[in-house]
Amino acid sequence: MLTFEENQTLARVGPGTPTGDLMRRYWIPATLSWELPDPDCPPIRVRLLGEDMVAFRDTNGVVGVLDNYCPHRRASMFFGRNEECGLRCVYHGWKFDVDGSCVDMPSEPTESNFKDKVKIAAYATAEFGGIIWIYMGPADLKPPLPSMEWTQVPDEHRGITKVVQQCNWLQGLEGGIDTVHINFLHRNLKSINNQAMAKARDRSMAAHVEVAPTDYGYTYAGIRPITDEEGDYVRTYHFVAPFYQLRPNQLARAEGRASGHIWVPIDDENTLVWNFSYRFDGQPMTESERAQTGTGNEFGKDIIVEEGFRSLANDGNDYFIDREAQKTETYSGIPGTNTQDRAVQDTMGPICDRTKEHLGTTDRAIIMARKILMEAVKTVEDGGTPPGLGTNIYSLRPIEKVLPVDTDWQNALSGELYEKVPYTTEYVPA
Ligand code: FES
Ligand SMILES: [Fe+2]
C-alpha cells in the first residue's frame, strides 16, 4: 500500500506537481505520425499531462505542437487555418509558426510591432518510429531521444496502436508489469494454446517474481516451475522509467519479435495506452498484424479512431462482459485481452485508492516500480537526472525461455536481455 500523500504524488501529473515535473523530463509520445499525414493537413488536438495542445504539420512537413489557447483572447487553435508555414487563429487571424513565434497579426495596424512581443507556447518535437514525440520540460535539460530498437526498424516491420484508458496512468503501468494476472484475467478456459511457452505459463498460478534494479528501472522475471526435468519457464520484462514496458510475446523472441506498451498520462484520470510490436529479424509484418498490434482486439472494429481512439467497450456497457462465456469460455467473460485489462484497471476508480490495498509476494515488481518512481521524483526535486534517460535503453529486449531448475536467470539471459542492437549509425533526428 501507499500513504495517501504518496499515492497523490505518483498519480498527479499536471504542471508544477512532483510527478508532473518528473514526466516533463522525458520525451513523450504525442501522436501517431499518420494522424498528420500531409503538409498543411488539418491540425489535431493533443492533451498530455493535463495540458491542451494542438499539433500541426506545416508546409515544409515540420510538425509543431502549440498551446491550444491563442495568446490573444484564448480561442482554440484547433480551428486554426494551417497555411503557408504557420497555424492561423480563426478568431482574429494571428498566425504562429512551429516554434511559437507570431509571424502575422493582421488585426493590428501595420506599423505595430506588437506581434514581435507575442509568442504562443510551443514544445520541442521529434518524429521517428512512426510517432511524433514532444518534450515539455526545461529546454536546457532536454535528454537524448528514446531511440529504442522498436523505433529504429523500418515502418513495415513495426505496428503501433493506441487507445484511451479511463483511469490514472499508474493503474495502467501497474497492470502491465503485473505478470501474475495473466493466469487469471486472460485465461481461456477451453485452452488450447499449444505453444510450448503458453502451456508452461498456464501451469503455474503463482509465479515467483524476481526484480533486478538497473539504472533505467529494472528487469524482472516471472519464474514458473514446470517439472524438475523440464525446468522453469522464465518470462522476463523490462520496466523503463517512467512509463515503458518491454515484454516477450509467446515464442515471439524466437520468431524475431518483441512488443511493449507505454502508459502516457492525458491528465490525472485518463491515460493513452500505446501498444507497439516489431520484428527485429529483418522481416516486415503483415498489414493486419501491424494494425492489430497490441489491441487484443480487432483494430478498427473495437477502437474508434474518429472518436479520439476510444474503445466501444467501456464501463457504460461493462466492457461487454458475457456471463455465459465467463462460465464456459474465458475466465473473465470479457472479450479481448486489452479490454480485460482496461475493465479491471479503469474500474478501480479514476485514481486507485492504494491506502486500502494488500500487496502479496507476487506484487514485488509493482512495489519496486513505485519505489523507483518515488526516488525519481525526489531526484528531480533535488536537481538530478532521473532514470531511463540513458542511451543504454536502445538495446533492451525482453525474452522468455525454459531454463534448468534453479538457474540464475540474470546470468543465463544477460546477453539476450541487453543485446547490442546493430545500428549502423547513432540515430540523429532530422
Ligand atoms: S483569439 Fe486568436 S487571434 Fe484573437
Ligand atoms: Fe493484462
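Predicted model: local features only at pLDDT ≥ 70, side-chain atom pairs only at ≥ 80, totals over all residues.
For comparison, ideal angles at a metal are 109.5 degrees when four donors are tetrahedral.

## A six-stranded sheet

Next, have a look at the open sheet made of six strands, whose order is β1-β10-β9-β4-β3-β2 with antiparallel pairing. At its edges are β1 (27–32) and β2 (44–48), each of which pairs on one side only. On average, neighbouring strands in this sheet are turned by 35° against each other, with direction ignored.

Within this sheet, strand β4 (residues 63–67) pairs with strand β9 (residues 122–128) in the antiparallel sense, over two bridges. To find the pairing in the structure, look for Val 65, whose bridge partner in β9 is Tyr 123.

## A four-stranded sheet

There is also an open sheet of four strands, again with antiparallel pairing, in the order β5-β6-β7-β8. Here the edge strands are β5 and β8 (102–104), and each pairs on one side only.

Strand β5 runs antiparallel to strand β6 (residues 87–88), and two bridges join them. Arg 81 stands opposite Arg 88 of β6.

## The enclosed strand β11

Strand β11 covers residues 158–165, and eight of its eight residues are buried, so the strand is largely enclosed by the rest of the structure. In a regular strand the side chains alternate between the two faces of the sheet. In β11, Arg 158, Ile 160, Lys 162 and Val 164 point one way, whereas Gly 159, Thr 161, Val 163 and Gln 165 point the other way; all of them are buried.

The partner to look for is strand β17 (residues 270–279), which pairs with β11 in the antiparallel sense over eight bridges. Gln 165 stands opposite Thr 271 in β17. With a relative accessibility of 1%, Thr 271 counts as buried. The side chain of Thr 271 reaches the backbone nitrogen of Trp 169 at 3.0 Å. Leaving aside residues up to four places away in sequence, Thr 271 touches several others, among them Val 163, Cys 167, Trp 263 and Ile 266.

Val 380 is placed in helix α10 (residues 364–381). Its relative accessibility is 14%, and Val 380 therefore counts as buried.

Which residues does Val 380 touch, not counting those up to four places away in sequence? They are Asp 21, Leu 22, Arg 25 and Pro 386. The C-alpha atom of Val 380 is also separated by 9.1 Å from that of Thr 19, a residue 361 places away along the chain.

Most residues other than glycine have a negative phi, and most peptide bonds are trans. The peptide bond from Ala 241 to Pro 242 is cis, with omega near 0°. Pro 242 is found in the loop between β14 (231–240) and β15 (244–247).

Arg 74 is not a glycine, yet its phi is positive, at about 75°. Arg 74 lies in the loop between β4 and β5 (81–82), and its 48% relative accessibility makes it count as partly exposed. Tyr 319 also has a positive phi, near 55°. This tyrosine lies in the loop between β19 (310–311) and α8 (323–328). Is Tyr 319 buried or exposed? At 3% relative accessibility, Tyr 319 counts as buried.

Terms used: Residues numbered from 1 in each chain as written. Chains lettered and ligands numbered in written order. Heavy atoms only, no water. Pairing = 2+ DSSP bridges. Axes fitted to C-alpha atoms, helices over the stretch in contact; angles between N-to-C directions. Buried < 20%, exposed > 50% of the residue type's maximum accessible area, 1.4 Å probe, protein only. Contact = heavy atoms within 4.5 Å. Polar contact = N/O pair within 3.5 Å; in protein donor to acceptor, adjacent residues only side chain to side chain.
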